[in-house]
Amino acid sequence: MSAGRGVRHSEFNGSKTAGVHFLQIWILPEKEGIDPGYEQTHFPETERHGKLRLIAAPDGDQGAVRLHQDARIYASVLKAGDSVQHTLVPGRHAYVQVARGDVALNGHDLHAGDGARVSAESLLNFRTTGTAEFLLFDLA
């Protein structure tokens, strides 16, 4: 969702009995005054299992939702023994948010709810001994 000029927004759990687990992520747009917009896409686990699936990008590449910022967001689900890698172009940074499970990032253990900022690295190695789900933000 791009709030743009004057849009108000809120999130809530519509169920009176079931819990909810979600991440609300705010990325500032590259410029002010953009038109409001909304996109929603479902990325099945099969597209995220054992790989980094691009889910948001400035150009909407590979069916990703569009961002108004120089950022690319990937989602991954890893099972026991899985690993994935991501190369960061020089001058770019990363942020990792673990949604569930445990994952090792370049040998550093991260657990559900953990986040990690990464700078001055060229290669990100993700490994898990169980099931893990995480987001990777490739940022300018």
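Visitor: Which residues have the most contacts inside the largest nonpolar core?
Guide: This is a predicted model, in which local features need pLDDT of at least 70, side-chain atom pairs count only at pLDDT 80 or more, and totals for chains, interfaces and linings use all residues. Residues are numbered from 1 along each chain as its sequence is written, and side-chain values use heavy atoms, with hydrogens and water left out. A nonpolar core is a set of buried Ala, Val, Leu, Ile, Met, Phe, Trp, Tyr and Cys residues joined through side-chain atoms within 4.5 Å, where buried means under 20% relative accessible area, exposed over 50% and partly exposed in between, with a 1.4 Å probe and protein chains only. The largest such core has 21 residues, and those with the most contacts inside it are Val-103, Leu-105, Leu-124, Phe-126, Phe-134 and Leu-136.

Visitor: Which strands each supply at least two residues of this core?
Guide: Strands (E, at least two residues) and helices (H or I, at least four) are DSSP runs, numbered from the N terminus. The strands that each give at least two residues to this core are β1 (53-57), β3 (71-78), β5 (93-100), β6 (102-105), β8 (115-118), β9 (123-127) and β10 (132-139).

Visitor: How many residues are in the other core, apart from this one?
Guide: Among the members of that other core are Ala-56, Leu-67, Ile-73 and Ala-75. Its residue count is 10.

Visitor: Which residues form the covered face of β9?
Guide: Leu-123, Asn-125 and Arg-127 lie on the uncovered face of β9. Leu-124 is in contact (heavy atoms within 4.5 Å) with Val-84, Gln-85, His-86, Leu-88, Ala-94, Leu-105, Asn-106, Val-118 and Leu-136, residues up to four places away in sequence not counted. The covered face of β9 is Leu-124 and Phe-126.

Visitor: How many bridges join β4 to β9?
Guide: Two strands pair if DSSP finds at least two bridges between them. β6 pairs with β9 in the antiparallel sense over 2 bridges, with Leu-105 opposite Phe-126. Strand β4 (83-87) also runs antiparallel to β9, where Asn-125 is the bridge partner of Gln-85. The number of bridges joining β4 to β9 is 5.

Visitor: Which strands stand at the edges of the open sheet?
Guide: The open sheet has 6 strands with mixed pairing, in the order β2-β1-β3-β10-β5-β8. Each edge strand has a single partner, so one side of it is left without a neighbour in the sheet. The edge strands are β2 (65-66) and β8.

Visitor: In β10, what is the bridge partner of Val-98?
Guide: β5 and β10 run antiparallel and are joined by 7 bridges. Across this pairing, Val-98 has as its partner in β10 Phe-134.

Visitor: Which side chain makes a polar contact of 2.8 Å with that of Asp-138?
Guide: Asp-138 is in strand β10 and counts as buried, at 6% relative accessibility. Leaving aside neighbours within four places in sequence, its contacts include Asp-70, Arg-72, Tyr-74, His-86 and Arg-92. A polar contact is a pair of N or O atoms within 3.5 Å; within protein, one must be able to donate a hydrogen and the other to accept it, and residues adjacent in sequence count only if both atoms are side-chain atoms. The side chain at 2.8 Å from that of Asp-138 belongs to His-86.

Visitor: Is Arg-48 buried or exposed?
Guide: Arg-48 is in helix α1 (residues 45-48), and its side chain makes a polar contact of 2.9 Å with the side chain of Glu-133. Its C-alpha atom is 4.7 Å from that of Ser-76, 28 residues apart along the chain. At a relative accessible area of 13%, Arg-48 is buried.

Visitor: What is the radius of gyration of the protein?
Guide: The protein has 1 helix and 10 strands. Taken over C-alpha atoms, with a globule rule of 2.2 Å times the number of residues to the power 0.38, the radius is close to the 14 Å that the rule gives for 140 residues, so the protein is as compact as a globular protein of that length. The radius of gyration is 16 Å.
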